[in-house]
Amino acid sequence: MLDKVIFFFFAGVAILSAGLMVTRRNAIHSAVFLITTLLATAGIFLQLRAEFIFIAQIILYVGGIMVLFVFVIMLVRLDVALHQIQFSRQKWVALLVTLALALEVGVMLWSSRKVPGQGFLLPNAVPAGKLPPNTEALAGRLFDAYLLPFEIASVLLLVAMVGAVVMAKKRT
Amino acid sequence: MTPSGYFLEHLWLIPLFPLVTAALMLLIGRRLPRSAVSFFCVGSVFLSFVHAAGAVFQLLAVAPENRVYQQILFEWITPGAMPGPGGLVNFVADWGYLLDPLSCVMVLVVTGVGFLIHVYSIGYMGHEGGYYRFFGYMNLFMFSMLTLVLANNLLLLFVGWEGVGLCSYLLIGFYFLKKSAADAGKKAFIVNRIGDTGFLLGIFLIATTFGTVRFTSQMLSDPVAYAGILETLRAMVDQGRLAYGAPILTGIALLLFVGATGKSAQVPLYVWLPDAMEGPTPVSALIHAATMVTAGVYMVARMSAIYQLAPVAMDVVAIVGATTAIFAASMAVAQNDIKKVLAYSTISQLGYMFLALGVGAFSAGIFHLMTHSFFKALLFLGAGSVIHALSGEQDLRKMGGLWNTIPATSRPFLIATLAIAGIPPLAGFFSKDEILGHVFNRHNESLIMDRYLFLWAIGVVTAGITAFYMFRLFFQVFRGRSRVATELEEHIHESPKSMTVPLMILAFLSICGGWFALPVLWGENNTFGTFLEPALRGVKDEIGGVEVGHHTLFKEYLLMMASVGIATLGIWLAYRLYLQYPKLHSKVAAAWPRLHNLLINKYYVDEIYDALFVNRVKDLSTAFGVVDAKLIDGVGVDGAGWLARVISRISMWWDKWVIDGLVNLAGKITNGLSVPVRMFQTGVFSSYAVLILLGLAILLGYYGHHMHMIVRNLR
Amino acid sequence: MMPIGYYLFLSMALFLIGAIGVITRRNVIVVLMSIELILNAVNINLVAFSRIFGDVAGQVFALFIIADAAAEAVVGLGIIIAFFRNRETVLEDEMDLLKW
């Protein structure tokens, strides 16, 4: 029961602030609502016993990426953009398509609930108390089976960093 | 022993010095100060003179038979094999220099007199604009003239020949802003072209006849490979393929003589020389008296071997020479321009030279050439000095009484006048007497009258006229009452040293220049003739046709007395008419008005030429102009243009509507087909994102249907 | 313990909201934020399945996706700054150089 309360609380906050993020005129407001969404998602992660991802979500997303966003929003002069139309001409088409998608996925998920042992109501394979220490397990996996992708990811970050510097640099 | 030495080995330097300075003047002369121009230009001519004199002395060091030095610098024109006498020959025209007694005389005259005139020009041209240009042209002329006299073949000689013609044109037209000067330059150039046509044809005929244009192969390492005209001619005569009076030789000789009449101003091509007096006076002295106009004489003497075998051509030369001599002398009588008188006198004296050549007295002709270049250069320079003193006045009627006003000019002028009049012991006397003596010697004693006696008579009469008009000039300029305009009178001044010193040197040469002929007085041969003899010998003594037959000493003196007598008569007449009774000559003129008019107007020769040739050529040009405008331009060019335009219009229509139409059609079709596809390509990424989502929805719709089936089966 | 379906619905909802943001917003910065939201939705999915199956590999991939999101945000924002410097705008429908 408590699980449900916690889940719905976080999910409600996440969806609500996501919707506000998409609709706000001011980009700073959007960023604040995105932060709220991300924090709520972090709560979901905690509920799912993924402590490391929870921390990473808060530190990296909220602390890192969003700060970057706010910086850029302040660098780019947005007062002009404030008075312009915020939504593009295709918004009704877009909404229609999105609704169709939501309908399809929802129907599929809903219709899968009657399948025994899988689908919508699939239960946890492992009870919460029997889970190994999350960070240890993650680290064991990361530095064992996924060592090479991990290194590649580091290279990717390096490349992204250099690329961002090059692009944002003033042309001389 | 063959001639050798520094100066001979550096023969090529003689024409090079003036060429270098000419190039310097014409390229950067504008920026040089006058003193530098004078230094370089006069200095280069002086260096040429020194080298020429050195070369002549080194040539004199060997025996007369070996006095030939030939130097081939490089092979210049090598067209390859061409038909010649006795099969194919390898025709080569080289750039080479030849020094033999004949070119010795010429090169000394050209560089010596040329140097003096250059020195004179420093003073004379000192106040003129275009100083560097004048000296550049003068040095270019020196180069061309030296190339002409030193050339070892006819083609190179022709290069010099055309070069001096060019310089003559440039210098006559030196004051090119004056229309008469520019016209005179053009006239000289065009008239010379007529002569050059004949000359060039003569060269071609020589090349095809002998297979070579080199004068001689003497003193060359390989006489067979380097054939010369002289040797080839001798061989052909020996083989009997050419004989005395052969038509081809006559043709060659006549064609070459046509060239000589143009360059040396003989009848009928003399008309350019009087007009050439439009140039500065040093130019008249150097080019139109001393050197260039004698090029024709030099050329005929150079080809004497051929002329000696062509008696008809010789007679033509002699007759043309004699005609020119008396004709020009008679015109000189009535001229009132001091330079024009001297110009006609030059023509007349050149006629003498050709008369000498025509009777086979080549050495006498060259002798007169040399003495004439001394005293005629002196006369011109003196005239220039007089003009200088009178601030540009050239009319004889406005001179007079200058004898003591400008002594440094008048004394040398008197010497030159005496020399040209033929008073012993001055240079002109010896050379003129030599010519008349040779002409008289050809006279066949058994006949009372033959053409040589007639030619001699003409020569003697001309000598009298010469003395008359020269002293007429002298008296009018220097003696009698002054008729100088009063405003000019006070400006009369003696010329600077740079002008008078050359006059004195030339006066000295005019006195002594003829003393080579002194041995004739005691019955021996002329030293000058003996010196030249190896170069003028011809191919065979016995068929030379010139009996040098010794005339008796008595007859020699008789002839001398005849010429001196008639000269004295001329002087006396001039004295009577112009000095003793100054009014008398106008009365004489009034007594024969027609003759006077004829002489004043120079026998209307210019007018006749205008009517006969110039205007006819103009008419022809006009006719051709009409043809050009109407037929060539109208029908030909415009027609072709019209046709091309019509065709291009058709072609354009085809191109525009059919070719381009097809291309456009293909483009339009593609364009039309692309419209539905293009509509998706908005370039805005969110629309692409919509499409992605749409695709996802469609896929999921399809996949969801399958999943529905699976789920139902599981149930 | 919550069944998987709840998480999937949450994930779907966030994904679709993000998609709407990407499609309809003209401000490129907000579009980038929406993309972050989509990636986050994917993360929820991965972590949820990781929990259900008791396999930590899903969380590893979630970690990679966070790294990837960081890289993407850095490059995307760099592009935005460069573009803004040239064109003085952040509106995506003015970025139409890809047009035919």
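A residue counts as buried if 20 or more other C-beta atoms lie within 10 Å of its own, as exposed if 12 or fewer do, and as partly exposed in between, with C-beta atoms placed from the backbone. Keep that in mind as you start with chain C, where 61% of the 100 residues count as buried. You are looking at a predicted model, in which local features need pLDDT of at least 70 and side-chain atom pairs count only at pLDDT 80 or more, while totals for chains, interfaces and linings use all residues. Residues are numbered from 1 along each chain as its sequence is written, and chains are lettered from A and ligands numbered from 1 in the order in which they are written.

**Stop 1: chain C**

Colour chain C by secondary structure: it has three helices and zero strands. Helices (H or I, at least four residues) and strands (E, at least two) are DSSP runs, numbered from the N terminus. Now select helix 2 of chain C, residues 28-53. The expected span of a helix is 1.5 Å times one less than its number of residues. For the 26 residues here that gives 38 Å, and the end C-alpha atoms are 38 Å apart, so the two agree. This helix is mostly covered, with 22 of its 26 residues buried. Step just past helix 2 of chain C to find Gly54(C), which has a positive phi of about 65°.

**Stop 2: where chain A touches chain C**

Next, show chain A beside chain C. Two residues are in contact if their C-beta atoms, placed from the backbone, lie within 7 Å. By that test, 73 residues of chain A are in contact with 62 residues of chain C. Select helix 3 (51-75) of chain A, which gives the most to this side of chain A, with 12 residues. By class, the side of chain A that touches chain C holds 55 nonpolar, 12 polar and six charged residues. Here Ala, Val, Leu, Ile, Met, Phe, Trp, Tyr, Cys and Pro count as nonpolar, Asp, Glu, Lys and Arg as charged, and the others, Gly among them, as polar.

**Stop 3: the cores**

A nonpolar core is a set of buried Ala, Val, Leu, Ile, Met, Phe, Trp, Tyr and Cys residues joined through C-beta atoms within 7 Å. The largest has 223 residues, and Val300(B), Leu355(B) and Ala377(B) have the most contacts inside it. Highlight helix 19 (residues 451-478) of chain B, which gives the most to this core, with 17 residues. Then centre on Leu355(B): leaving aside neighbours within four places in sequence, its contacts include Ala318(B), Ile435(B), Val439(B) and Leu455(B). A second, separate core of 82 residues includes Leu38(A), Ala689(B), Leu693(B) and Ile17(C).

**Stop 4: a hairpin in chain B**

Select residues 69-84 and 87-99 of chain B, which are strand 1 and strand 2, paired in the antiparallel sense over 12 bridges. Two strands pair if DSSP finds at least two bridges between them. Which residue of strand 2 is the bridge partner of Met82(B)? That is Val89(B). Two residues lie between the strands of this hairpin, where Gly86(B) takes a positive phi near 75°.

Finish on Ile77(B), in strand 1 of chain B. Ile77(B) is partly exposed, because 13 other C-beta atoms lie within 10 Å. Not counting residues up to four places away in sequence, Ile77(B) touches Ala93(B) and Leu155(B). Draw a distance from Ile77(B) to Asp94(B), 17 residues apart along the chain, and their C-alpha atoms are separated by 6.4 Å.
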